[in-house]
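Please look over the sequence and the model below before reading on. The briefing is arranged by topic, so that each group of points can be checked against the coordinates on its own.

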Amino acid sequence: MNAPHIPLLPGFADPVDDAQRIFRAVLAALSRPGMLQAISGLPPAPAPLCAASGAVLLALADYETPVWLQSPSPEACAWLRFHCGAPLVDAPAEAVFAVISQPLALPPLAAFAQGLPEYPDRSATLIVHSAGFGDQGLRLTGPGIQDECRLGIDGLAPDFWRSWQSQQGHAPLGVDLLFVNGDSLLGLPRSTRVDVEGKGE
Amino acid sequence: MNTVAGYNFAYLDEQTKRMIRRALLKAVAIPGYQVPFGSREMPLPYGWGTGGIQVTASILGRSDVLKVIDQGSDDTTNAVNIRRFFAQTAGVATTDSTGEASIIQTRHRIPEKPLGEHQIMVYQVPLPEPLGRLEPREAVTRKLHALADYGLMHVKLYEDIARYGHIASTYDYPVLVNGRYLMAPSPIPKFDNPKLHMNPALQLFGAGREKRVYAIPPYTRVESLDFEDHPFSVQRWDEPCALCGTADSFLDEVVLDDAGGRMFVCSDSDYCKTRQGAGHTGSQSPIPAEAT
Amino acid sequence: MYVAVKGGETAILNSHELLAAARRGDEGVPEISPAQIREQMRLGVARVMSEGALYDEELAALALKQAAGDQVEAIFLLRAYRTTLPRFGYSLPVDSGRMNIRRRISAAFKDLPGGQVLGPTYDYTQRLLDFSLHAPAACKLPPCADEPLPAAMPRVADLLGHEGLMEAELPPAGDPAPGDLSREPLRFPADRATRLQNLARGDEGFLLAMGYSTQRGYANSHPFAGEIRMGEVALEIVPEELGFPIAIGEITLTECQMINQFAGSSTVPPQFTRGYGLAFGEAERKAMAMALVDRALRAAELGEEVVAPAQQPEFVLSHSDNVEASGFVQHLKLPHYVDFQSELELLRKMRKRHEGRKKVSVTEGNPLFGTGGKAHTEIAVGENA
């Protein structure tokens, strides 16, 4: 193994408890779309990862889950290989987890694994760095949401929600999203319907 | 600190937990769909809750409070045994109280006390495939789920009506989750089916021997299959619980002697105990044989 | 006054003590040691290793002692233990052609290079109870052969292969790494490598019955025991840091190659095909049964008509595992009274309907369930009220 030029950042302080805690936050996020989950006390992760996207990978990725980084850096690759043992892939379609650090340049959702009709679970989970969360702009409905949920997700390309809606035409196939920003985590499973407010269609 | 030397927190190794956790996340994202997972051999036999145990072990944290019930009761030997397993391997707090639990592992019942958003139900599932009794080949049932082709089940239910005048499933009564996937609710009595619908708690299902997990997220539509002229219905008892007097819980029939004497008592032991503690009381006496 | 049953941790703990006492039996008889089991019950140990999917004679013997000789329970103990073991890597495929042979027979040829080697076998014992075994006795080894066995003995199937009469055993396109059933769930259709993994862990009794059924006409099978060989093979791994194989020990294996006729197809000339069986230790019955079932499961791939249970992969592979089967059959011991109560209620309702229809006056109830009848009524609730 090649020694990295800069010292490797550490992973979880307590791999068992930290992984469990982060997983429960991700589980809550995908179970209750639109409800922000706080994840604190995260170790720093090398760019382009942020502490939150790094923590999700530390908790869930391993040698069985190819990871795709939108803008890979040697530090992030070395860190993921060391702490997760995860293979890094060049093609989005091969990834189980993908980290989108520049959401304005997000590849089409269809570029990622969508699952198969008989195995829709064989699809990618995208961890998207959002520029922040607001409380308006989007109306979410679907499983995990009692009536409806209104919120905003900043920093996405203007046509993003159109591609989300077109993915729903292929349900139950599709990708699942985890938005991260600072210490916050927000889940958007493929089952969530998103209407953009003020834009009658 | 772990209470059993040589084993990881909650018995499973971290790689196995990650694999199950990933499967659970996909299960939540695709409500009612059965996600295959690399089920491990557990130190308890297949068919005795290995799926539920693996799910619980994968989600459990040190601050969780665990309740385990079998047939609604905390005191049945299998519930005692599984609770003991987690107390030993994870050192977590356990409780009999439905309200105090953050995770409730169950076999065959949903507690009578409504669940809250902070709770997770974990169901032990023996046979996860709702179409399995009609079509045993998984290669075929996977295709039927992919096509949402549930004609087989509708025909079966219709034949029941033609033959018996009503649908003859009393437990493991099939449900449609989020309008898409047909799901086996594990063999809970159909009495409990309405509790699956729009439940504030997250509901996770684990089938160890059949190597699948599935989920119903909170606030998800869950419909019990029926026909317009034969709407879904649940059983009710004429007798209230002989111990706590409730008329709205699932009752166990307890045979008291060999002359037909018996009693109907709550299957949910915590519910019954709590009511009795609050001063509610039932007839306390058996139904004489001739009375029925 | 009725009081609900308390299952109770005490009852469970007491039952463990009763079990330990029952396992020990009469304390006037010396206690058996795992070493005695390992040395003197080696065929039982081999089966526990094979179906427990862990090659460890010490632990298999310990499991047999703990299980009081119950093989399926011992297999379960070993499986539950193996699942917690970290894995350091995968071995290279073992080469049974380089086996240090202790037994090797072929039913297809009278003689063959390397010869027939009878080895230790029950085959020609006359199954007369040997009362002398009541008492310990020294045993004597037979005289050594005049010359040692050849270092490498060609496999019978390979001899036929030279003539083109035997199908070639080629890796599938791209030579993909085989799956790992102990990490991934079984999915259908299952490739042959996955099927063989399943059969290798499968219950000997189940495979025996399935294999037997193919001989009796439930699958068009005409097998010959092409070769059975048993002996020791070296196990090699390639450590990352070395980059070349090193031997880490040797294991005893029994291998069986069944030869079956195949009529050929439009693209393939008539030839012999193979069924393959492999088991840890001395386990000839298991290896042979496995080979029969493996061949039967190839029916679809060879374009044969699938008519018998042994030819149906889902049927065979889903029911071969005795840890799964034993658990699920025995889970019927667990309380089912909630579901039973629901069935009882339904049955009473159906009987009432039946009686009403027949207009027959009934004077006696069902003796099993008291007099049945009135305890339940049904009310309709709106959809998911």
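This is a predicted model: local features need pLDDT of at least 70, side-chain atom pairs count only at pLDDT 80 or more; totals for chains, interfaces and linings use all residues.

Residues are numbered from 1 along each chain as its sequence is written, chains are lettered from A and ligands numbered from 1 in the order in which they are written, and side-chain values use heavy atoms, with hydrogens and water left out.

**Chain C against chain B**

- In this interface, 61 residues of chain C are in contact (heavy atoms within 4.5 Å) with 76 residues of chain B.
- The two chains bury about 5,900 Å² between them, with 57% of it on carbon and sulfur atoms; buried area here is the accessible area (1.4 Å probe) that two parts lose on being put together, summed over both.
- Four salt bridges are counted between chain C and chain B, a salt bridge being a side-chain nitrogen of Lys or Arg within 4 Å of a carboxyl oxygen of Asp or Glu.
- One salt bridge joins the side chains of C:R79 and B:E41, at 2.7 Å from N to O.
- On the side of chain C that touches chain B, α1 (9–24), α5 (71–82), α11 (322–330), α12 (337–358) and β5 (376–380) each supply at least two residues, and the largest share, 13 residues, comes from α12(C).

**Chain B against chain A**

- Here 43 residues of chain B are in contact with 38 residues of chain A, and the buried area is about 3,200 Å², of which carbon and sulfur atoms give 58%.
- B:R22, B:L25 and B:K26 supply 20% of the area that chain B buries against chain A, more than any other three residues.
- The count between these chains is six salt bridges, and B:K26 forms a salt bridge with A:D176, with the closest N and O atoms 2.8 Å apart.
- On the side of chain B that touches chain A, α1(B) gives the largest share, 12 residues.

**Nonpolar cores**

- The largest nonpolar core has 90 residues, and those with the most contacts inside it include A:I22, A:L49 and B:I59; such a core is a set of buried Ala, Val, Leu, Ile, Met, Phe, Trp, Tyr and Cys residues joined through side-chain atoms within 4.5 Å.
- Helix α1 (residues 15–31) of chain A gives the most to this core, with nine residues.
- A second, separate core of 27 residues includes A:A95, A:L109, A:L138 and A:F160.

**Salt bridges within chains**

- Over all chains the count comes to 57 salt bridges.
- The side chains of C:D203 and C:R47 meet in a salt bridge (2.9 Å, N to O); C:D203 lies in the loop between α7 (192–201) and α8 (204–215) and C:R47 in helix α3 (residues 42–52) of chain C, so the pair ties together parts that are 156 residues apart in sequence.
- C:R79 also meets C:D321 in a salt bridge (3.0 Å, N to O), and because C:R79 lies in helix α5 and C:D321 in the loop between α10 (313–319) and α11 of chain C, the pair ties together parts that are 242 residues apart in sequence.
- C:R79 counts as buried at 0% relative accessibility, as does C:D321 at 10%, where buried means under 20% relative accessible area, exposed over 50% and partly exposed in between (1.4 Å probe, protein chains only).
- In chain A, a network of salt bridges links A:R139, A:E148, A:R150, A:R193, A:D195 and A:E197.

Key. Helices (H or I, at least four residues) and strands (E, at least two) are DSSP runs, numbered from the N terminus.
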